[in-house]
Amino acid sequence: MVQAYLDCRLTKRRSAGALQFEQRQEGHLAELHADLSAGSYQPGRSICFVITRPRPREVWAAPFRDRIVHHLLYNRIGAAVERTFIADSCACIPGRGTLYAARRLEAKVRSLTENWKRPGFYLKLDIANFFVSIHKPTLAGQIAARVAEPWWRDLALSILFHDPRPGALYRSPAALMARVPPHKRLGERDADHGLPIGNLSSQFFANIHLDALDQFVKHRLRARHYIRYVDDMVLLHQDPGQLNAWRAAIAEFLRDRLRLALNDSKAILQPIPRGVDFAGQVIKPCRRTLRRRTYNQALARRAAVDAGDVLTTANSYFGLLRQTTHSHRDRARLANLARRRGHAVDHPLTKAYA
């Protein structure tokens with residue numbers, strides 16, 4: 001439990017909940033341990049707020065005490081469960097972030113096209129309203145099949161079926177909350193559907209849920225070149241007809257087995273040389289670049305932020321650009337903006353200084 005607490009506060013130490021917990025951390029941990037041991041643990045009041053980038057959506061933040069429980073559960077069962085995932089399942093898994101996903105897809109593209117010498121096509125699919133559409137009873141069966149220890153299984157299921165909406169504290173103004181489309185709101189779903197976006201447990205449970213899809217695509221459809229990042233997936237093949245057949249099979253599997261649906265408006269089938277947009281990067285012949293929309297937002301934010309946030313914002317986007325293979329021109333433009341705002345930039349154009 002102490003390790004779970006340390007993991008939880010790693011990036012949240014300055015938050016109000018973390019500071020309050022730390023004032024009497026040993027006593028709070030002892031009380032939490034007693035509640036869990038006695039079976040009397042109950043999740044607390046969640047906080048809901050809206051973020052606007054890249055588009056408006058709800059975020060649900062569990063209390064700091066509950067976040068410790070999420071880390072406790074993940075530290076116990078996470079590694080064993082994730083070892084059963086395919087290597088092409090990315091996001092919310094240690095070592096499998098956006099850079100891992102982009103590099104792995106680039107390797108698959110090179111393999112299919114023989115280093116861009118042969119033609120090929122890609123199919124990009126997205127699950128409609130993924131987190132708020134997850135069917136909890138179906139996911140509960142998947143969790144129960146993977147977690148053998150009864151106490152830990154019961155804890156996972158209690159977290160899964162906890163409804164954060166009753167008594168939730170809404171931090172964003174009503175006008176901002178209204179910007180979230182109704183079909184993307186957790187509050188518009190019944191009790192058997194939806195996971196709160198923002199919790200470690202939700203990310204972990206989502207990967208368990210979609211592992212069934214990964215296994216189906218890899219072992220039943222035998223799609224060799226496939227990769228998934230959360231609910232975005234890409235398949236590669238020389239024949240666009242085969243990709244369309246796989247799309248129909250995936251849609252049927254999601255509907256019948258997981259009670260999910262593809263977002264047909266976001267499905268893309270195109271020749272690979274036009275560029276595959278995935279995990280924030282665009283893979284084109286012999287290069288990986290940052291998505292143009294992300295880069296244009298970086299320039300706009302960099303020019304508009306307050307003086308105190310200029311350095312942090314610039315280095316954040318320098319970090320994104322360092323993950324690509326062809327970004328010198330983009331880094332130069334970002335560096336010029338930083339210099340005009342009174343900051344120095346190192347010679348390789350990778351970091352800004354006060």
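Predicted model: local features only at pLDDT ≥ 70, side-chain atom pairs only at ≥ 80, totals over all residues.
## Helix 1 and its buried face

Helix 1, which spans residues 2-9, has Ala4, Tyr5, Cys8 and Arg9 as buried residues. Viewed down the axis of helix 1, these buried residues fall within an arc of 125°, so they line one face of the helix. An α-helix has 3.6 residues a turn, so residues three or four places apart point the same way. The buried residues of helix 1 pack against helix 2 (16-22), helix 3 and helix 4.

## Helix 3 against helix 4

Two of these partners, helix 3 (residues 25-38) and helix 4 (residues 64-82), also pack against each other, at an angle of about 60° and with their axes 11 Å apart. That angle makes helix 3 oblique to helix 4, and helix 3 passes helix 4 in a right-handed crossing.

On the side of helix 3 the contact is made by Leu29, Glu31, Leu32, Asp35 and Leu36, and on the side of helix 4 by Arg65, Ile68, Val69 and Leu72. Sorted by class, the residues of this contact between helix 3 and helix 4 comprise 6 nonpolar, no polar and 3 charged.

## Helix 10 against helix 11

Helix 10 (residues 200-220) packs with helix 11 (residues 240-258) at an angle of about 140°, and the axes of the two helices lie 11 Å apart. Helix 10 and helix 11 are therefore oblique to each other, and the crossing in which helix 10 passes helix 11 is right-handed.

Helix 10 contributes His209, Leu210, Ala212, Leu213, Phe216 and Val217 to the contact, while helix 11 contributes Ala249, Ile250, Phe253, Leu254 and Leu258. The contact of helix 10 with helix 11 holds 10 nonpolar residues and 1 polar residue, with no charged residues.

Ser201 belongs to helix 10 and counts as buried, because its relative accessibility is 6%, under the cut-off of 20%. When residues up to four places away in sequence are not counted, Ser201 touches His70 and Ile159.

Ala102 has its place in helix 5 (residues 98-113) and is buried, with a relative accessible area of 0%. With residues up to four places away in sequence again left out, Ala102 touches Gln281, Ile283 and Arg288. The C-alpha atom of Ala102 is also separated by 8.2 Å from that of Gly280, although these two residues are 178 residues apart along the chain.

Methods. Residues numbered from 1 in each chain as written. Heavy atoms only, no water. Axes fitted to C-alpha atoms, helices over the stretch in contact; angles between N-to-C directions. Helix = DSSP H or I, 4+ residues; strand = E, 2+ residues; numbered from the N terminus. Parallel < 35°, antiparallel > 145°, perpendicular 65-115°, else oblique. Left-handed = near helix turned anticlockwise from the far one by under 90°. Contact = heavy atoms within 4.5 Å. Nonpolar A, V, L, I, M, F, W, Y, C, P; charged D, E, K, R; others polar. Buried < 20%, exposed > 50% of the residue type's maximum accessible area, 1.4 Å probe, protein only. Arc of directions from axis to C-beta.
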